[in-house]
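Please examine the sequence and the 3D structure shown here. The report after them is written for a reader who is new to protein structure.

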Amino acid sequence: MILCPAEVKGKRAVDLSGGSISAEKVQDNYKQYWSFFRRPKEIETTEKVPAFVDTFYNLVTDIYEWGWGQSFHFSPSIPGKSHREATRLHEEMAVDLINVKPGERILDVGCGVGGPMRAIAAHSRAKVVGITINEYQVNRARLHNKKAGLDSLCEVVCGNFLEMPFPDNSFDGAYSIEATCHAPKLEEVYAEVFRVLKPGSLYVSYEWVTTDKYRAENPEHVDIIQGIERGDALPGLRSYADIAKTAQKVGFEVVKEKDLAKPPAQPWWTRLKMGRIAYWRNHILVTVLAAIGIAPKGTVDVHEMLFKTADYLTRGGDSGIFSPMHMILLRKPEVPPSKSS
């Protein structure tokens with residue numbers, strides 16, 4: 001099947017929805033999402049976060065696919081490469097780092113609609129199992145996997161990555177690409193990944209962090225980071241300095257740590273700046289579709305929220321206080337040989 005460009009990228013505008021939310025309730029759920037920020041202590045508790053993140057992804061999944069593509073993450077710009085090629089290379093690097101062989105079973109922690117999963121499965125020929133908390137994303141990922149002819153290598157499970165439905169020591173490797181930022185406590189998701197990995201296996205994560213340039217006493221810095229948190233369903237951004245310590249606390253060995261956004265890497269936020277004209281074009285289209293009843297009420301609010309968030313992300317990139325690609329490569333230690341009695 002030959003797909004038109006919009007279908008290759010993701011959604012068509014006329015197919016925008018509210019995920020698993022019924023069309024008449026999209027606006028109510030948008031208001032519910034923002035109500036979390038009026039009760040910030042609830043966002044910090046593990047039991048409240050799944051509903052918070054699920055609501056967010058019901059609201060934004062179609063708009064992400066339509067306007068961004070099937071890979072819900074950033075990548076450094078690469079001279080001479082398209083955004084799609086740069087994204088694919090960023091994803092392939094993740095699986096190259098964990099050194100898996102064809103046929104081995106690896107875990108995608110927070111897989112979204114499966115853009116990275118498909119690129120990684122095609123590149124490595126490993127069997128990828130993805131987990132996402134959002135049922136609508138599960139269905140979208142399965143549809144895309146089938147269309148791409150990769151459903152034999154890609155499996156998608158609906159579940160919470162803080163309580164994964166997998167046995168201990170069952171994966172040959174794991175990766176997460178800008179997903180664990182949604183966990184209320186990084187330690188909890190790292191502990192779960194550690195549990196399901198086989199001894200000796202590797203795990204790589206691209207983390208959203210504040211950098212060494214962030215100053216908590218600077219009001220502009222605080223405004224930028226809070227804007228990113230509000231617009232991306234984050235319980236709270238972490239400092240780059242906390243990532244390795246958290247991993248070691250649950251038992252991982254740190255193999256490598258590097259902020260992939262630092263020079264000589266090209267700016268990852270270039271695409272956001274270039275997308276401003278497209279935003280206004282798309283915003284007019286969304287407004288018209290909502291007015292005539294094709295897109296659900298509330299879609300315009302969600303689209304505007306994402307544009308404002310893009311501005312905060314761009315400011316975070318320009319100022320150097322935020323990175324969405326602090327890479328950490330971890331190993332689960334081998335089981336020590338038992339001592340003979």
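## Basis of the model

This is a predicted model, in which local features need pLDDT of at least 70, side-chain atom pairs count only at pLDDT 80 or more, and totals for chains, interfaces and linings use all residues. Residues are numbered from 1 along each chain as its sequence is written, and side-chain values use heavy atoms, with hydrogens and water left out.

## The chain as a whole

The protein chain contains 13 helices and eight strands; these are DSSP runs numbered from the N terminus, with helices (H or I) of at least four residues and strands (E) of at least two. Of its 341 residues, 53% are buried, that is, under 20% relative accessible area with a 1.4 Å probe, counting protein chains only.

Contacts are heavy atoms within 4.5 Å. Among those between residues at least 6 apart in sequence, 79% join residues at least 24 apart.

## Strand β1 and its partners

Strand β1 covers residues 105-109, and four of these five residues are buried, so the strand is largely enclosed by the rest of the structure. Two strands pair if DSSP finds at least two bridges between them. Strand β2 (residues 127-132) runs parallel to β1 and is joined to it by five bridges; R105 has K127 of β2 as its bridge partner.

Strand β4 (residues 171-177) also pairs with β1 in the parallel sense, over three bridges. Here Y175 of β4 stands opposite D108.

Terms used
Buried means under 20% relative accessible area, exposed over 50%, partly exposed in between (1.4 Å probe, protein chains only).
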